[in-house]
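The following exercises are to be worked through with the sequence and the model in view. Each task is followed by a solution in steps.

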Amino acid sequence: MRVYCAADYNHASRVAANIISAQVIMKPDCVLGLATGSTPIGTYEELIRRYEQGDLDFSGVHSINLDEYRGLSPENDQSYRYFMNTHLFDSINIDKKNTYVPDGLEPDSEKACRDYEEIIRTHGGVDLQILGLGHNGHIGFNEPGSTFEKETHCVTLSETTREANARFFSSMDEVPTEAYTMGIGSIMQAKKIVVIVTGEGKREIVKKAFLGPITPEVQASVLQLHNDVILVGDEAALAGFPR
């Protein structure tokens with residue numbers, strides 16, 4: 001695992017954007033695994049800036065997102081499809097037909113998950129997967145548990161995850177209780193993985209995930225077994241982390 005310690009959030013966002021930019025330039029038809037949440041917003045803003053300057057071309061890129069709330073339509077302003085359109089896709093020249101997010105409105109959870117796995121397989125897997133890191137060690141919506149789920153599945157969200165996301169909703173009651181998410185097995189098949197962590201609040205979980213035992217109680221700990229992981233963080237998140 002390689003570790004990049006940036007001075008602050010903006011610097012970390014630029015470092016992550018550098019890695020993504022290199023992937024797009026080296027393989028214009030690459031498959032990017034994308035994440036939502038507050039952490040990657042700065043990275044996406046930097047990618048948009050580089051596109052507007054003429055440095056990046058996303059016309060051949062495909063994207064496969066990690067997850068989506070079950071029950072939310074793409075037009076819902078809290079859906080992850082809406083997030084990706086707003087924070088990235090609407091501002092670059094990617095073909096939206098080549099961007100994939102789980103179907104939150106598919107009532108048959110088994111079908112939704114099966115269809116999404118087929119999308120991943122059809123595109124030959126993910127070249128570069130972007131991940132955030134939850135306070136309880138979740139990646140995607142893979143919550144702490146007794147096993148590492150292999151493929152895309154429907155998950156019941158933990159109260160800590162719902163509470164962390166409640167700030168985006170009008171009330172806690174509006175936060176969905178379930179989500180579709182790529183499984184750990186699907187994530188681990190990505191050729192390269194970039195984990196972005198910032199802020200003092202992530203300091204302890206970073207240590208548990210990357211220095212502690214590999215356990216499904218800390219889902220991100222499985223990343224220790226991947227042969228090409230890049231950890232991008234700021235001083236606050238990586239304080240005390242060996243590098």
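**Exercise 1.** Determine whether R81 is buried or exposed, and which side chain of opposite charge is nearest to R81.

*Solution.* Step 1: R81 is buried, where buried means under 20% relative accessible area, exposed over 50% and partly exposed in between, with a 1.4 Å probe and protein chains only. Step 2: R81 has no salt bridge, and the nearest side chain of opposite charge is that of E68, 6.4 Å away. A salt bridge requires a side-chain nitrogen of Lys or Arg within 4 Å of a carboxyl oxygen of Asp or Glu. For charge, Lys and Arg count as positive and Asp and Glu as negative, while His and the chain ends are not counted. Step 3: R81 belongs to helix 3, residues 80-87. Helices (H or I, at least four residues) and strands (E, at least two) are DSSP runs numbered from the N terminus. Step 4: beyond its neighbours within four places in sequence, R81 is in contact with E68, P74, F89, T99, Y100 and V101; contact means heavy atoms within 4.5 Å.

The model is predicted: local features need pLDDT of at least 70 and side-chain atom pairs pLDDT 80 or more, whereas totals for chains, interfaces and linings use all residues. Residues are numbered from 1 along each chain as its sequence is written, and side-chain values use heavy atoms, without hydrogens and water.

**Exercise 2.** State which residue forms a salt bridge with E178, and where the two partners lie.

*Solution.* Step 1: the partner of E178 is R70, with the closest N and O atoms 3.0 Å apart. Step 2: the pair links distant parts of the chain, since E178 is in strand 8 (residues 178-181) and R70 in the loop between strand 4 (67-69) and helix 3, 108 residues apart. Step 3: E178 counts as partly exposed because its relative accessibility is 26%; R70, at 25%, is also partly exposed.

**Exercise 3.** Explain why D127 counts as buried, and name its salt-bridge partner.

*Solution.* Step 1: D127 has a relative accessible area of 5% and is therefore buried. Step 2: its side chain meets that of K191 in a salt bridge (3.4 Å, N to O). Step 3: K191 is partly exposed, because its relative accessible area is 46%.

**Exercise 4.** How many salt bridges does the structure hold, and which residues are linked in a network?

*Solution.* Step 1: the structure holds 14 salt bridges. Step 2: E117, E118, R121 and E151 are linked in a network of them.
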